[in-house]
Amino acid sequence: MPSSFGKFALTCCLLVPLPLSAWWETGHRTVARIAAAYLTPATRARVALILDVPNTPDAVADALAKASTWADENRVQTRTGAWHYIDIPLQDTRFDMPSRCKDDNCAPARIRLFAAQLASKSPDYRWSNLDALRYVVHFVGDIHQPLHAISDADHGGNCERLDPLIGKARNLHALWDGELVNALDLGDKALATELEKRIQDLGPDRQAELAEGTLDDWVWESHELAIADVYQKLQIPTEPVEFPASCNDAPLAISELRLRIGTGYIGSMKPVVRDQLMKAGLRLARLLNETFGS
Ligand SMILES: [Zn+2]
């Protein structure tokens, strides 16, 4: 019965949970849209060419937003999960950062490598320029999610469970990945428009200031933000420097924690999330403009 099969297929697929991804989709798409608004004409032309879309502001913004989540969609098959974050223990100083990225298997190293590939205009043997662009867009978004730049023997907050759940978020990392962005209550297009307005109101000097810094500065800023606004505010105990294979092997003080997150915390984090999305968008635009030499 084609009609009932069709009905079944629809029901079955609606029930399949969506994959969890950093900043889920809304955050990444918002960052990409903000960045698209600040590309120079020459960079926009290069980006349009790589994404194979017409060189108009709307077409490039839509395509870049769509491209921004590709890295999460294929990370299991490509075994590139470690490229989405950098595990920096709470006890580290900034000088320890390089030692936390073995064999370039971390977000900042991959941004550097893929940006270099795009700058040289020659495709890599494994990754096309389209892939490189999609990775850069995604990973710049990821490093602005504070829990992608910290470790408390807890997989960046994945091991601390929430009780009760917040929306779909079962753990602290998922709260920051998705539900805090969802709490802003706008789709990516409307959220990007709102944040672009805020950026305009800041004026050119402050805009330039927000876009400043090196990749390591941005990562370290996220790391410090995670310490102050996540680990300290939620009074999560500091655990020894170790990287358990899974949450089952995490210290009991982490795995037995049940965090009760109030609406007060969510409300107080909204400005932080907005700032991180704005900074990520402006910085991604700067990085792409510099990468394409325009
Ligand atoms: Zn990611």
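Predicted model: local features only at pLDDT ≥ 70, side-chain atom pairs only at ≥ 80, totals over all residues.
Q: Why is the span of helix α9 said to agree with its 15 residues?
A: Helix α9 covers residues 188–202, and at 1.5 Å a residue it should span 21 Å. The expected span is 1.5 Å times one less than the number of residues.

Q: Which residues of α9 are buried?
A: Asp-188, Leu-191, Ala-192, Leu-195 and Ile-199.

Q: Why can we say that the buried residues of α9 line one face of the helix?
A: Look down the axis of α9: the buried residues fall within an arc of 95°, so they line one face. On the other side, Ala-190, Lys-197, Gln-200 and Asp-201 are exposed, a label kept for residues with 12 or fewer such neighbours.

Q: What do the buried residues of α9 pack against?
A: Four helices: α2 (24–37), α4 (57–67), α10 (204–211) and α13 (263–291).

Q: What makes the chain as compact as a globular protein of its length?
A: The chain has 13 helices and three strands. Its radius of gyration is 19 Å, close to the 19 Å the globule rule gives for 294 residues, so it is as compact as a globular protein of that length. Along the principal axes, the C-alpha trace spans about 65 × 55 × 45 Å. Of the 294 residues, 41% count as buried.

Q: What share of contacts between residues at least 6 apart in sequence join residues at least 24 apart?
A: It's 74% of those contacts in the chain.

Q: Why do β2 and β3 count as standing at the edges of the sheet?
A: The order is β2-β1-β3, in an open sheet with mixed pairing. β2 (169–171) and β3 (258–259) each have a single partner strand, so one side of each is left without a neighbour in the sheet.

Q: What makes β1 and β2 a pair?
A: Two strands pair if at least two bridges are found between them. β1 (residues 161–166) and β2 have two bridges, in the antiparallel sense. Arg-161 stands opposite Asn-171 in β2.

Q: Which strands does helix α8 lie across?
A: β1, β2 and β3; helix α8 (residues 172–182) runs at about 145° to β2.

Note on methods. Residues numbered from 1 in each chain as written. Rg over C-alpha atoms; globule rule 2.2 N^0.38 Å. Buried ≥ 20, exposed ≤ 12 C-beta atoms within 10 Å, placed from the backbone. Contact = placed C-beta atoms within 7 Å. Arc of directions from axis to C-beta. Axes fitted to C-alpha atoms, helices over the stretch in contact; angles between N-to-C directions.
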